[in-house]
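Welcome! Let's walk through this structure together, one question at a time.

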Amino acid sequence: MYVKAILAVLLGSQAVNGQLAKLAREAGLEYFGTCIGEGNTNDQTYMNILRNLDEFDQVVPENGQKWDSLQPQQGNFNWGQGDIVANIARQNNQLLRCHTLTWHSQLPGWVRDGNWNRQTLTAVIETHIATVLRHYQGQCYHWDVVNEAADDNGNWRNSVFYRVLGTDFLPISFFAARQADPSTKLYYNDYNLEYNNAKTDITVEMVKIIQRAGAPIDGVGFQGHLIVGSTPSRQALANTLRRFTALGVEVAYTEVDIRHASLPPNQQALVTQGNDYANVVGSCLDVDGCIGFTVWGFTDKYSWIPHTFPGEGDAMLYDSNFGKKPAWTSVSSVLAAAATGGPSPPPTSPPPTNPPPTNPPPTNPPPSGGNCSGMWGQCGGQGWNGPTCCSQGTCQQQNPWYSQCL
Ligand code: XIL
């Protein structure tokens, strides 16, 4: 009884707090989502936040649908890990992005090191894609069909797929996916496309190669693994997205995290991170054909970044105690401004200029000490009727509409 009452309060407060997806939809996006780490699903605080449809209405498996997880040995398909997030999506009525098929990484040794020729490797790709898409038939809103086929210098990545098949592995993969499940949207997905450099150029070429082959491609995913202080401006990002929508495909941000290059971040770095996030979300709002936004995890507690980029991190919208960071407030403010058609000035960096919270105002973390706001909470601004003191940090004016406990 007591436990149930506590649970109801917790769930209730999450429902009130969550709003990224609600605002994103009101702003014209199809969804606002997150990846889910399959190993974290017994953490109830984590689950309560990500189950909240007003916060996240789309999910994607962090690792469970990769080739090494689904077909670790040839012909031996294993659905246990892949189904974890698919089942969560179904239970919660969330859109499922499915990730990923033809990729050089997290690829089992039997594929990577096999002695293939054109015919045998084509069959391996087609069998994997057909079997996996049929298993998830009707469940995947998108599939990332090919992932990271270009290297960081803008050359074709030296993968087993490219070595054996040249660029033909692209249309082969996309044809196979459409044939196996005509109802899912087919994406090419990569990182560092955001910088509009040689890698972006070869990716434009890639879309054209797929289209010239008569193969289906519906979208390009910008992963958005970015760095605080080095993230392009909202306008530059929007222009880069438009290079792809001009080809007749949609675009989406698919794996966004914006990491600090050194830790711990100081207060200014947290504000810059918020502005960077606002620029990325804002660029999607600015482009017809940018349809959705997905973060690669939502809490610093479980982000992949510190494992892959030692010494870097704190890249997410929530801290490792599930507190909302300034970046969360920036994102919700930009979405709220777009949702109500209000002004949405491109954030600058520095100084902090969160756009005015408009109606509905961003919900802030509940006050966590008497009647004062907790860390990151709002503590003032035009039209603000809530607490004007901080139980943690001090109240600092960010702009005329928004003061925050920092
Ligand atoms: C990452 C996961 O987050 C890690 O847990 C895993 O160890 C490595 O892969 N681009 C992608 C994602 O397409 O699948 C990667 O995910 C991050 C980079």
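Q: Which residues are linked in a network of salt bridges?
A: This is a predicted model, so what follows describes a prediction. Side chains of opposite charge can pair when their charged atoms come close. Here a network of salt bridges links three residues, and they are Asp-152, Asp-190 and Lys-199.

Q: How many salt bridges does the structure hold?
A: A salt bridge is counted when a side-chain nitrogen of Lys or Arg lies within 4 Å of a carboxyl oxygen of Asp or Glu. By that rule, the number of salt bridges in the structure is 15.

Q: How many residues apart are Asp-218 and Arg-178, and which parts of the chain does the pair link?
A: Asp-218 and Arg-178 form a salt bridge, with their closest N and O atoms 2.7 Å apart. Asp-218 sits in the loop between helix 10 (198–212) and strand 6 (219–222), while Arg-178 belongs to helix 9 (residues 169–180). The pair therefore links distant parts of the chain, and the separation is 40 residues.

Q: Is Arg-178 buried, partly exposed or exposed?
A: Buried means under 20% relative accessible area and exposed means over 50%, with partly exposed in between. Arg-178 has a relative accessibility of 27%, so Arg-178 counts as partly exposed.

Q: Which helix holds Asp-201, the salt-bridge partner of Arg-243?
A: The closest N and O atoms of Arg-243 and Asp-201 are 2.9 Å apart in their salt bridge. Arg-243 lies in helix 11 (residues 234–245), and the two residues are 42 residues apart. The pair links distant parts of the chain, with Asp-201 in helix 10.

Q: What is the relative accessibility of Asp-201?
A: Arg-243 counts as partly exposed, at 28% relative accessibility. Asp-201 also counts as partly exposed. For Asp-201 the value is 40%.

Q: How far apart in sequence are the parts that Arg-259 and Glu-312 tie together?
A: Arg-259 forms a salt bridge with Glu-312, and their closest N and O atoms are 2.8 Å apart. Arg-259 is in strand 8 (residues 250–259), and Glu-312 is in the loop between helix 13 (305–308) and helix 14 (326–339). The pair thus ties together parts whose distance in sequence is 53 residues.

Q: Is Glu-312 buried or exposed?
A: Arg-259 has a relative accessibility of 8% and counts as buried. For Glu-312 the relative accessibility is 17%. Since buried means under 20%, Glu-312 counts as buried.

Q: Which residues are closest to the ligand?
A: The ligand is surrounded by 13 residues. This shell divides into 3 nonpolar, 6 polar and 4 charged residues. The closest are Glu-62, Lys-66, His-99, Glu-255 and Trp-296.

Q: How much of the ligand's surface does the protein bury?
A: Glu-62 has a side-chain N or O atom 2.5 Å from an oxygen atom of the ligand. Glu-255 places a polar side-chain atom 2.8 Å from a ligand oxygen, and for Glu-148 such an atom is 3.1 Å from a ligand nitrogen. Taken alone, the ligand exposes 410 Å², and the share of that buried by the protein is 80%.

Q: Which side chain does the side chain of Gln-58 make a polar contact with?
A: Gln-58 is found in strand 2 (residues 58–61) and counts as buried, at 1% relative accessibility. Leaving aside neighbours within four places in sequence, Gln-58 is in contact with several residues, including Tyr-31, Leu-95 and Phe-293. The polar contact, at 2.6 Å, is with the side chain of Thr-294.

Q: What separates the C-alpha atoms of Ala-86 and Val-60?
A: Ala-86 lies in helix 5 (residues 80–92) and counts as buried, with 2% relative accessibility. Ala-86 and Val-60 are 26 residues apart along the chain.

Q: What share of the protein's residues count as buried?
A: The secondary structure comes to 14 helices and 12 strands. The protein has 406 residues, and the share that count as buried is 57%.

Key: Residues numbered from 1 in each chain as written. Predicted model: local features only at pLDDT ≥ 70, side-chain atom pairs only at ≥ 80, totals over all residues. Heavy atoms only, no water. Near = heavy atom within 4 Å. Polar contact = N/O pair within 3.5 Å; in protein donor to acceptor, adjacent residues only side chain to side chain. Areas by Shrake-Rupley, 256 points an atom, 1.4 Å probe, with all protein chains shown as cover. Nonpolar A, V, L, I, M, F, W, Y, C, P; charged D, E, K, R; others polar. Helix = DSSP H or I, 4+ residues; strand = E, 2+ residues; numbered from the N terminus. Buried < 20%, exposed > 50% of the residue type's maximum accessible area, 1.4 Å probe, protein only. Contact = heavy atoms within 4.5 Å.
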